[in-house]
Amino acid sequence: MQTRSRTLTAVAAALVLGLTAGPLAAPAFASPAGSARAARVTTGPDAEALRAALAGLPDSDATAALVRVGGNDGTWRGSAGVHDLASGRKADPHALFRAGSTTKVVTAAVVLQLAAEDKVDLGAPVQRYLPGLLSSAFKPVTIRQLLNHTSGIQSGDGFGDSFEDAYAHRFDTLTPKQVVASAVAKGPEFDPGEQQDYLNINYTILGMLIEKVTGHSYAGEAARRVLRPADMHHTYFPGTDPRIHGPHNHGYQAVKQADGTTKFVDVTEWNQADRWAAGDMISTTADLERLITHLFRGEIVPKPQLEEMFTVPSDIEGADMSAGLQRFEYGGTVYWLKSGARYGYSAVVVATRDLSRTLVYSVNSTDAKGESMNPVAQRIALAALK
């Protein structure tokens, strides 16, 4: 058996595989207004390296970055870049942003709570809870296989594969039900449990499971069971609303023009309803830090079920995804992380299991959905975890 992951988590790809990205020429909008802000520092994190990681923003790779590093030996907080390219004013260090697939941590936590309450059996097929959702072409797919991306269900369709296609539909709504229907129509990619393939579809179906079992909306259950207990007071699920409500820094996508120049398209407003339980959350770095802290302390999910978040399939070669998280080892230390990326925004939450080191960042990447890790994000990760 083997693992297949079309979307390698950015931090793991950079630190484990050593991916690098060459620097690009600074665009014309780079200015002193985006220089790194002074950060509150205690002992521990390498403040000089972290400040250097944020230096020079905005540039062609990112327009802003927000960073929080914590752990047993101290904390570091920093921000750099601009709120928007038009005004050039400094980035808001407390800004909301599209948190992308870090949403999966919340979704997994809700499902594991339901398992602790004996409302869901992780070893039972999802067909038991959502009869008729999957066609007869699918063998039984367990809840656990959805959580760790070994279901074999293929990805659902979006509004197109290119940025241009997706951007043209940024205010349109594609429902989770439509996404799942398009995935089911393709049939299985492989038999459940045979491979690991990281796909949003697994968590879209888990969102449906949560609603069916509880009788309440996914957003309502996530808020009641996770956001409020974790003191995530600024985090919410926008649904079909394309706006970010509250202070936020604009997101941009770099688009090559016919004449060879690059245009930075504002992608801040975007209807992300199709990402739903897999990636529709809006949050802050402080809230994501609270999430991972409360979660790893066993204050959100009971400890027996929490073990699912620290367990990767042992019978699949190369598997590194657990329930809601990804395992990677760097410098002899095991970290657990989740990344998220929507156009204009990249986020990561990383921690050791004992919380001796935590890292949360939001980078306003100008190519957030690109194959390579953003150079700014890479510098932050290497500075924070070395």
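This is a short tour of the protein in your viewer, stop by stop.

**The whole chain.** Start with everything shown, and keep in mind that this is a predicted model. Colour by secondary structure and you can look for 13 helices and 12 strands. Of the 386 residues in the protein, 57% are buried.

**The largest core.** Hide the surface and select I143, L147 and M309. These residues have the most contacts inside the largest nonpolar core, a set of 71 residues.

**Around M309.** Zoom in on M309. Which residues does M309 touch, leaving out those up to four places away in sequence? Three of them to pick out are V105, A108 and L112, and the list also includes L295, L325 and W336.

Move on to A49, A53, L359 and L385. They are among the 28 residues of another core, which lies apart from the largest one.

**A loop stop.** Finally, select T142, found in the loop between α4 (126-129) and α5 (143-147). Is T142 buried or exposed? With a relative accessible area of 17%, T142 is buried, because that value is under the 20% cut-off. Show its surroundings as well: beyond its neighbours within four places in sequence, T142 is in contact with L122, G123, A124, P125 and V126.

Terms used: Residues are numbered from 1 along each chain as its sequence is written. This is a predicted model: local features need pLDDT of at least 70, side-chain atom pairs count only at pLDDT 80 or more; totals for chains, interfaces and linings use all residues. Side-chain values use heavy atoms; hydrogens and water are left out. Helices (H or I, at least four residues) and strands (E, at least two) are DSSP runs, numbered from the N terminus. Buried means under 20% relative accessible area, exposed over 50%, partly exposed in between (1.4 Å probe, protein chains only). A nonpolar core is a set of buried Ala, Val, Leu, Ile, Met, Phe, Trp, Tyr and Cys residues joined through side-chain atoms within 4.5 Å. Contact means heavy atoms within 4.5 Å.
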